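Please open the model in your viewer and keep the selection panel at hand. The tour below goes stop by stop, telling you what to select and what you will find there.

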Amino acid sequence: MSVTAQGRAPGGIHTLRRVIMLALLAILVSVAASGITGLLHLVFENGRVIEDTGARLAQAIASVVIAVPLGAVVYWLTRRWLPTFNDRGSVLWPVYLAAFGTTALLIGLFALISAAADGIAGRWSPSSLALGLVWTAIWAWHAWMWHSPSHAPRRLPDVAPALATLVGICFAIAGGIGVLSVLFSTALSATGSTLVGAERWWIPLLQQLAWLLAGALVWLWHWSRRGVSRSSAPFARFVLVIIAGLIAVGTTLGGLASAAYSMAALLLGFGDAGSLLEQLATSVAAASVGALVWAGHRAPVRRAPVAVAWSVRLVASGVALIAAASGLGVVVNALLASVVETVAGDSRSLLFGGLSALVVGAVAWVVLWRPQDGIPAVPGDDWNSFGGRRAYLVVIFGASAITAVVTLLVIAYGVLESILGVPWSGGIVESIRAPLGLLTATALVAIYHYLVWRRTPAAPSTDPRHPVTRITLVASGVTDALVATLREQTGASVTVWPPRDALPAPDATAIVRALETETAPHVLVIARAEGVETIALAE
């Protein structure tokens with residue numbers, strides 16, 4: 001439960017009002033943005049006359065004339081109700097700001113970079129420029145509201161900056177892969193320009209560099225200046241796990257598997273050499289960028305609580321497991337394809353693709369998961385007794401079991417099709433080889449993780465760290481961080497009663513120290529100017 005100095009925002013009909021008003025605001029802002037984008041597009045075209053100019057102009061003006069005044073009214077009412085009904089304390093307000101602001105950032109950043117890339121290539125793109133300017137301005141407006149004292153939400157304080165960090169790192173990774181891919185392609189090309197595709201090879205390099213720099217700027221601004229790297233909020237730590245455990249590891253392993261396949265194909269001489277060299281360049285670039293991101297986030301992961309590091313390890317293990325299982329399924333598919341004469345294409349390509357994913361994923365999984373330490377679980381080992389690890393085992397087992405059941409149904413359907421002689425059906429092996437490969441991999445994954453789950457001891461139940469189980473806090477200026485600290489250090493639930501008269505903001509250390517002498521389950525805590533007072537309450 002999140003609390004604020006003004007208490008919780010009123011619910012009931014006020015919740016419905018917030019939903020309606022914020023939905024209206026989002027719709028009207030989008031329509032107004034469409035109209036303004038259309039007007040700017042016409043302006044940026046330097047007066048060129050095209051057939052639908054009249055229709056476009058009418059549509060743009062109508063959108064602006066209708067949506068802008070109505071949107072201004074809705075925004076004025078929303079702004080007025082922020083303090084009147086304590087809407088800043090509602091979870092809907094930060095959800096709206098984060099969702100719409102992140103959407104605006106995605107659209108604006110993508111359009112601006114596209115316009116810059118077209119400009120580098122000598123092409124004028126007024127539509128992209130207009131779209132980027134308008135939606136970037138909308139994002140800046142929502143970012144200002146997020147940090148403005150009169151608009152800033154009191155709940156979920158780090159969601160919007162954390163999401164912007166995620167957007168920036170994804171754009172930077174895509175741009176970094178593009179930059180290195182162009183450089184590696186040029187280096188691997190015999191003529192120096194065959195793979196890049198022109199004598200002006202530096203044009204795609206500069207285009208990809210624009211993506212890299214723009215994404216890195218957005219990431220760095222929110223990561224450092226907005227304090228996402230220093231935040232202890234759960235969502236900021238969740239984004240750290242996604243970046244370090246999912247995006248970085250997935251990019252690295254995907255690049256390594258693709259590079260292994262390209263090299264094997266080149267050595268064995270199947271496939272087009274030019275395409276394989278280009279794929280090899282992109283694969284090495286992806287693996288390099290993923291490894292850099294992975295290494296760059298090791299320090300923040302180490303500074304975070306140990307549960308964050310374990311979560312990163314679990315997510316990375318899951319990514320490696322998916323790669324290995326997918327590779328195994330493809331290998332089974334390729335082996336079955338090799339015995340079917342009617343299969344079109346070269347089964348070697350399929351086989352070596354599966355082997356590449358299997359080998360890379362299996363090696364990474366062994367390093368990250370350490371199966372030799374998982375069965376049996378070591379008593380007292382924090383990693384094996386980590387609660388998230390058991391949840392991970394259940395999720396993997398459940399997902400694998402569901403996938404296995406679905407593929408089993410597909411196999412049964414394919415077999416019956418072939419037996420009954422359905423005209424469009426092929427042979428039995430041809431019909432079932434793909435789902436059979438997937439079934440083999442998922443069945444093995446499900447069985448293994450079920451056995452690990454059965455032999456892993458449940459996290460021991462801990463006794464309450466403090467006899468106080470309920471805290472009623474009377475104070476002003478209470479923040480989510482303070483409540484989280486009290487819960488973490490006492491294990492008690494916290495309810496906040498905001499006083500009518502302003503009181504000094506409490507200090508978590510002083511409250512915990514005052515509760516050390518209390519033995520009652522329910523304690524009233526009053527933060528006064530002269531100190532903290534505690535009163536034991538009857539149940």
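Helices (H or I, at least four residues) and strands (E, at least two) are runs assigned by DSSP, and they are numbered from the N terminus. This is a predicted model, in which local features need pLDDT of at least 70 and side-chain atom pairs count only at pLDDT 80 or more, while totals for chains, interfaces and linings use all residues. Residues are numbered from 1 along each chain as its sequence is written, and side-chain values use heavy atoms, with hydrogens and water left out.

**First stop: two loops**

Select leucine 156, which sits in the loop between helix H4 (126-147) and helix H5 (159-188). Its phi is positive, about 50°, although leucine 156 is not a glycine. For the accessibility of a residue, buried means under 20% relative accessible area, exposed means over 50%, and partly exposed lies in between (1.4 Å probe, protein chains only). Leucine 156 is partly exposed because its relative accessible area is 33%.

Now move to asparagine 86, in the loop between H2 and H3. Here too phi is positive in a residue other than glycine, with a value near 55°. Asparagine 86 has a relative accessible area of 8%, and therefore it is buried.

Side chains of opposite charge can pair when their charged atoms come close. The rule used here for a salt bridge asks for a side-chain nitrogen of Lys or Arg within 4 Å of a carboxyl oxygen of Asp or Glu, and by this rule the count comes to three.

Which residue forms a salt bridge with arginine 17? The partner is aspartate 87, with a distance of 3.1 Å from N to O. Arginine 17 lies in helix H1 and aspartate 87 in the loop between H2 and helix H3 (92-120), so this pair ties together parts that are 70 residues apart in sequence.

Aspartate 87 also forms a salt bridge with arginine 18, where the closest N and O atoms are 2.8 Å apart. This pair links distant parts of the chain as well, since arginine 18 is in helix H1, 69 residues from aspartate 87.

**Third stop: the cavity beside them**

Rolling a probe the size of a water molecule over the atoms shows where empty space is left. On a 1 Å grid over the protein atoms alone, a cavity is a set of points where a 1.4 Å probe fits but cannot get out, whereas a pocket is an open set with protein on both sides within 12 Å along at least five of seven lines; lining residues have an atom within 4 Å of a point. Grid points are joined across faces, edges and corners, and a volume is the space filled by probe spheres set on the points.

A search of the whole structure finds one cavity of 30 Å³ or more, and the largest cavity has a volume of about 70 Å³. Select its lining: Arg17, Arg18, Met21, Leu22, Thr78, Trp81, Leu82, Asp87 and Trp93. Helix H1 (13-44) and helix H2 (53-84) each supply at least two of the lining residues, and the largest share, four residues, comes from H1.

Select arginine 123 and aspartate 118, which form a salt bridge with their closest N and O atoms 3.1 Å apart. Arginine 123 is partly exposed, at 47% relative accessible area, while aspartate 118, at 18%, counts as buried.

**Last stop: the second largest pocket**

About 320 Å³ of space lies in the second largest pocket. Of the 14 residues that line this pocket, those closest to its centre are Trp294, Val301, Ala309, Val312 and Arg313. Two or more lining residues come from each of helix H7 (234-268), helix H9 (298-303), helix H10 (306-337) and helix H11 (347-369), and H10 gives the most, with four residues.

Finish in H10 with asparagine 333, which counts as buried at 12% relative accessibility. The C-alpha atoms of asparagine 333 and valine 429 are separated by 9.7 Å, although these residues are 96 apart along the chain.
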